[in-house]
Amino acid sequence: MRQEKITFDMQSLRGDFPVLQQSVNGRPLVYLDNAATTQKPRSVIRRMKEYYERENSNIHRGVHTLSSRATDAYEAAREKIRSFINAAHSREIIFVRGATEGINLVAHTFGKRFVKAGDEILISAMEHHSNIVPWQMMCEERGAHLKVIPMNKRGELELNAYEDMLTSKTRLVAVVHVSNALGTVNPIEKMIAAAHGKGIPVLVDGAQSIPHMPIDVQALDCDFFVFSGHKMYGPTGIGVLYGRKEILDLLPPYQGGGDMIRSVTFAGTSYNTLPHKFEAGTPNIAGVLGLEAAVDYLNGVGMSLIAAHETALMEYATGKLKALDDLRIIGNAEKKAGAISFVLENIHPHDIGTILDQEGVAIRSGHHCAQPVMDFFSIPATARASFGLYNTTSDIDKLTQGIKKIAEVFK
Ligand code: 7TS
């Protein structure tokens, strides 16, 4: 069982994040761009600094003390992350640069091993570009077809259509858990069960779910799950590909280099076992240790408590935004997490973002690397407020006050 504090002490929690203790444009910072990246607690920053000051050394190759210390720390972090997502084995945890690299790794290696001309890959209508383009590239290379699970105007996937699309030609389903552009939480347990019913493996893009809810990859029964450290209070440049051992063992290596080999001669090379087979070259050691510190931080607060706090925030924000004149929320799925996208009548989202910034409120405006979602709703862009564990109802009040000001300026 994870240790969870009984109460959510917001003041002490916010105090853990140095970035939040500043003013921007003369106003105390209200940070509502957590879907793009989250702020880092002091413990994460400290862990990385400590590594460089005391342990810095390359891993898996030296016999000297610092090297074995760094190796032990790196592998202990892998075990911590295994436990965080409840994977069955730590060798199923592959360190990558982020969700994007995790998806590219699977598209490349799975494609090479399992996909041939005429086969189909299923993605959904609400994917981030990083869960579209790698599959397009792979399908083009292999003469396969990319099929798109449709969604409705609320921003929910059409599950009946999905089940009909699972055929003997389908090699893999790659679907987002929580949409970064709409906030929709997809019913992935159901979707995975339906695919498995036909023997089809499933990759889940967990970039936007991992910071907001407890994740148990064995309970989900997914075959692959990818996420980025920087969206869960960890550093940039580090992420995780979880893969079921039985499938990872069948895949060819992604990149060649040091650490991924068992032996090399000019006549040929034999490859290392999991997870090293997929970790060529010197990895982001400091990043891995920073990510471990982020996991410790999340466990310390408690993922269930974070989920409950953020669900309440989402409800509060939805109510406040809905009450504003001329504001339309894009994405009204029954189950949402993390982010609310909206548009204001006759005001470009970039103007919303710029004026809010003057109020010290940081939100994101644009297509959120989900252009097909914008096309679906016939809009060029949205403004998006996205939440983290340190956000409060007072942050949301400042957001809505800022939006009211914008409406007045443009009147
Ligand atoms: N998948 C989803 C659902 C995402 O939201 C993102 C990043 C990625 C994959 C890619 O993650 P990366 O860490 O490899 O870049 N989403 C966003 C966003 O919404 N605003 O900035 C980045």
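The model is predicted, so local features need pLDDT of at least 70, side-chain atom pairs count only at pLDDT 80 or more, and totals for chains, interfaces and linings use all residues. Residues are numbered from 1 along each chain as its sequence is written, and side-chain values use heavy atoms, with hydrogens and water left out.

Stay with the ligand. Polar contacts are pairs of N or O atoms within 3.5 Å. A polar side-chain atom of D205 sits 2.5 Å from a ligand nitrogen. K231 places a side-chain N or O atom 3.0 Å from a nitrogen atom of the ligand. Q208 has a side-chain N or O atom 2.7 Å from a ligand oxygen. The protein buries 87% of the 490 Å² that the ligand exposes when taken alone; these accessible areas come from the Shrake-Rupley method with a 1.4 Å probe.

Now step back to the chain. It is divided into domain 1 (3-31 + 302-410) and domain 2 (45-299), with bounds from an automatic or database domain assignment. Their C-alpha centres lie 28 Å apart. Across the boundary, 37 residues of domain 1 are in contact with 30 residues of domain 2, contact meaning heavy atoms within 4.5 Å.

The structure holds one cavity of 30 Å³ or more. A cavity is a set of points, on a 1 Å grid over the protein atoms alone, where a 1.4 Å probe fits but cannot get out; lining residues have an atom within 4 Å of a point. The largest cavity has about 40 Å³ of space, the volume being that filled by probe spheres set on the points. Domain 1 and domain 2 each give at least three residues to its lining. Among the lining residues are N34, V178, Q208, H212 and F387. By class, the lining has five nonpolar, seven polar and no charged residues.

Methods:
1 Å grid on protein atoms, 1.4 Å probe; cavity = no way out; pocket = protein on both sides within 12 Å on 5 of 7 lines; lining within 4 Å. Nonpolar A, V, L, I, M, F, W, Y, C, P; charged D, E, K, R; others polar. Polar contact = N/O pair within 3.5 Å; in protein donor to acceptor, adjacent residues only side chain to side chain.
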